[in-house]
Amino acid sequence: MQQQNEVYKKLSDSLKSASALLDLERKSQLYEDIIAISTHLANPRFRIAVFAPFNHGKSTLLNAMLGNRTLPIDLIPTTGAAITVKYGIELQTRIILVDGTEINHSGTEILKEFAILDNNRQMRKDVASVEVFSPHPLLETGVEFIDLPGTNDREEQDNLVKEQLLSADLVIQLLDARKLMTLGERENLRDWLLDRGIKTVIFIANFLNLLEPDEQKEVHIRLLFVAESF
Ligand SMILES: Nc1nc2c(ncn2[C@@H]2O[C@H](COP(=O)(O)OP(=O)(O)OP(=O)(O)O)[C@@H](O)[C@H]2O)c(=O)[nH]1
Ligand SMILES: [Mg+2]
């Protein structure tokens, strides 16, 4: 593991020097992708990102996996920052502001202040990172979950999600069982995942409980088809 980390670190440094030689525009997609990938290589963990348009139940799914209401959920677009959930001895939240200020708080109530969208569906500009530490045994193995803002609402949120998806080891794509694989959903998969080389994806159909049992069976078959063709 140690040896592998050193190799990753070297690769990350080489990528960064190569990008400096190319003299890329700081705001260009290629430059941002290189930075996202090299940061990931320098600090390997197993990051699982949950990805879907707003209100698809991303935060709800993570809460169900973590076994409690750790993350804020709502009927309106809610999650405003990439919230990383990692292992900690007790439930705690750490917010780092753009000016370097670090705020540590027990529990996750503080997320309401720093990590959810305001009435205009805007994110706070002063937050640099949001981490939740949870004692869940799965996280002890180095797994980290990333609760992301919903896509298809604002460009700002979309850009943040794009960057986070690139550095994820596994993407959980939540699909709405009531409109499984509409054209919009298929285009979404192509633009956000396939075209960007992201292929390690688990599909989960949400809102199954709103369907009748025979419809649920139908969804199951369609979902298998989706996964296979992906
Ligand atoms: N009936 C039903 N409701 C669900 C399900 N999953 C989530 N919800 C509800 O859908 C709403 C949105 O859930 P969130 O978890 O906040 O959705 P999100 O994808 O995190 O939303 P953003 O953070 O805004 O992108 C909440 O009111 C949830 O209670 C589900 O499987 N069935
Ligand atoms: Mg959310």
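In what sense do E1 and E7 pair, and over how many bridges? In this predicted model, where local features need pLDDT of at least 70, side-chain atom pairs count only at pLDDT 80 or more, and totals for chains, interfaces and linings use all residues, E1 and E7 pair in the parallel sense over four bridges. Residues are numbered from 1 along each chain as its sequence is written, while chains are lettered from A and ligands numbered from 1 in the order in which they are written.

Strands (E, at least two residues) and helices (H or I, at least four) are DSSP runs numbered from the N terminus, and two strands pair if DSSP finds at least two bridges between them. An open sheet of mixed pairing is formed by eight strands in the order E4-E3-E5-E2-E6-E1-E7-E8. Strand E4 (102-106) and strand E8 (201-206) each have a single partner strand at the edges, so one side of each is left without a neighbour in the sheet.

Strand E1 (residues 46-51) also runs parallel to strand E6 (residues 143-147), to which five bridges join it; Phe46 has Val143 as its bridge partner in E6, and Val50 stands opposite Asp147 in E6. On the E7 side, Phe51 stands opposite Gln173. Five of the six residues of E1 are buried, so E1 is largely enclosed by the rest of the structure; a residue is buried if 20 or more other C-beta atoms, placed from the backbone, lie within 10 Å of its own.

Note on methods
Buried ≥ 20, exposed ≤ 12 C-beta atoms within 10 Å, placed from the backbone.
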